[in-house]
Amino acid sequence: MHATIVIAADHEGINRAAQTLRTGGLVAFPTETVYGLGADATQDHAIAALYAAKGRPEFNPLIVHADMAAAFDSLVTWNEDARLLAGRFWPGPLSLVLPTTPSCPVSLLARAGLPSLAVRVPSHPVARALLAAAGRPIAAPSANRSGSLSPTTPTHVEASLGGKIDLILAGGRTSIGIESTIIDMTGTTPCLLRQGGVSQEQIEQCLGGPIALGTDAAQPKAPGQLASHYAPDLPLRLHVTSARAGEAFLLFGPELGLIGGGKRLNLSPSGDLHEAAANLFAMLHELDKSGLDGIAVSAIPETGLGRAINDRLRRAAAKFQSIKFQN
Ligand code: TXA
Ligand code: MG
């Protein structure tokens, strides 16, 4: 990529950063927990670029940020406990996982295809001003390369992502320094998925009772676990060069020599892995609803974003292997 520009988090810098986000760019910005790497949550290509910059080996779902709770009304369905927690701890270091609305405009890639979405209103004044100026939901994982520590200064961000993102909004050291607490509010009992800036005790005091822990065997919903990831209903066959008539065919790159398929979609006819990542979940969903018997997928290179794409496809295919063995 090009050089990353570091700018002061003043009025002018914030407006420039908001403009960069609106046009699909990547902006690191301070929150009270850690620096986030922001991208427009509604643009598939911006989200694909974000995963590429982080070098994530898989597509973890992202937390979507806004400057006020009402901005999430069209994205998620609220419940009473979630309202209580948001009222007490927002703006602040708490993320709530809620069911998405049918018309939720957030990229399926940002949601990793899940029917739920993590949302948060941060309290850092620079984050709030940026989110207000951007005027749209912003997905923001911690602004570090995958596998390295979360950044709490602009220097950390530059060391980890310099040359890979458009802008760093420099706003000093973050005050909390650990990530937000994540609570899954989609079940009957709220479930703590990640300890963070708001303590478990504070949450339980606010709700007036104990909450479940994500490590509970009965609640296998911790991030990264297979159960929390999207898999199509139709069985998947990978590395296919010839699809059956009863199968949908998900292709990648030039279609020469890749034959058959009752319905064909191409992740990226030109063989661009960013484009393929941006299309992956939306196309899987479409083929899943095709009424055919299965989905055949052509080979995807195991490099860059291709690793994350293949990780998702292998997990989805593995689901059917275990079903087969049970028979
Ligand atoms: O403090 C924070 O939360 C920072 C700042 C930038 O806001 N962000 C952050 O994002 O830590 P990230 O991507 O590093 O961590 C997000 C975590 C992941 O472990 C992911 O699996 C989980 O949130 N997550 C997101 N959406 C989820 C969902 N729908 N269900 C379960 N877990 C979810
Ligand atoms: Mg992180």
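Tutor: This is a predicted model. Let us start with burial: a residue counts as buried when its relative accessible area is under 20%, and as exposed when that area is over 50%.

Student: What makes A112 count as buried or exposed?

Tutor: A112 has a relative accessibility of 0%. The cut-off for burial is under 20%, so A112 is buried.

Student: Where is H239 found, and how do you know whether it is buried or exposed?

Tutor: H239 is found in the loop between β12 and β13 (242–243). Its relative accessible area is 57%; the limit for exposure is over 50%, and therefore H239 is called exposed. H239 also has a positive phi, of about 55 degrees, although it is not a glycine.

Student: What is the peptide bond from W90 to P91, cis or trans?

Tutor: That bond is cis, with omega near -10 degrees. Most peptide bonds are trans. P91 lies in the loop between α3 (80–89) and β5 (94–99).

Student: How do you know how many disulfides the structure has?

Tutor: A search of the whole structure finds zero disulfides. Take C191: the nearest cysteine sulfur is that of C206, 17 Å away. A disulfide requires the two sulfur atoms to be within 2.5 Å, so C191 is in no disulfide. C206 is likewise in no disulfide, its nearest cysteine sulfur being that of C191.

Student: What makes α2 a mostly covered helix?

Tutor: Eight of the eleven residues of α2 are buried. They are A46, I47, A48, A49, L50, Y51, A53 and K54. Just after α2, G55 takes a positive phi of about 65 degrees.

Student: How is the packing of α2 and α7 described?

Tutor: Two packed helices are described by the angle between their axes and the distance between the axes. For helix α2 (residues 44–54) and helix α7 (residues 273–288), the angle is about 115 degrees and the axes are 8 Å apart. The contact is made by D44, H45, A48, A49 and A52 of α2, together with H274, E275, A277 and A278 of α7. These residues divide into five nonpolar, two polar and two charged.

Student: What is the order of the four-strand sheet, and which strands are its edges?

Tutor: The open sheet has the order β12-β17-β14-β16, with parallel pairing. Its edge strands are β12 (236–237) and β16 (263–266), because each pairs on one side only.

Student: How do you know that β12 and β17 pair?

Tutor: Two bridges join β12 to strand β17 (residues 294–297).

Student: Which strands does α7 lie across?

Tutor: Helix α7 lies across β12, β14 (247–251), β16 and β17, and runs at about 175 degrees to β16.

How values were computed
Residues numbered from 1 in each chain as written. Chains lettered and ligands numbered in written order. Predicted model: local features only at pLDDT ≥ 70, side-chain atom pairs only at ≥ 80, totals over all residues. Heavy atoms only, no water. Axes fitted to C-alpha atoms, helices over the stretch in contact; angles between N-to-C directions. Contact = heavy atoms within 4.5 Å. Nonpolar A, V, L, I, M, F, W, Y, C, P; charged D, E, K, R; others polar. Buried < 20%, exposed > 50% of the residue type's maximum accessible area, 1.4 Å probe, protein only.
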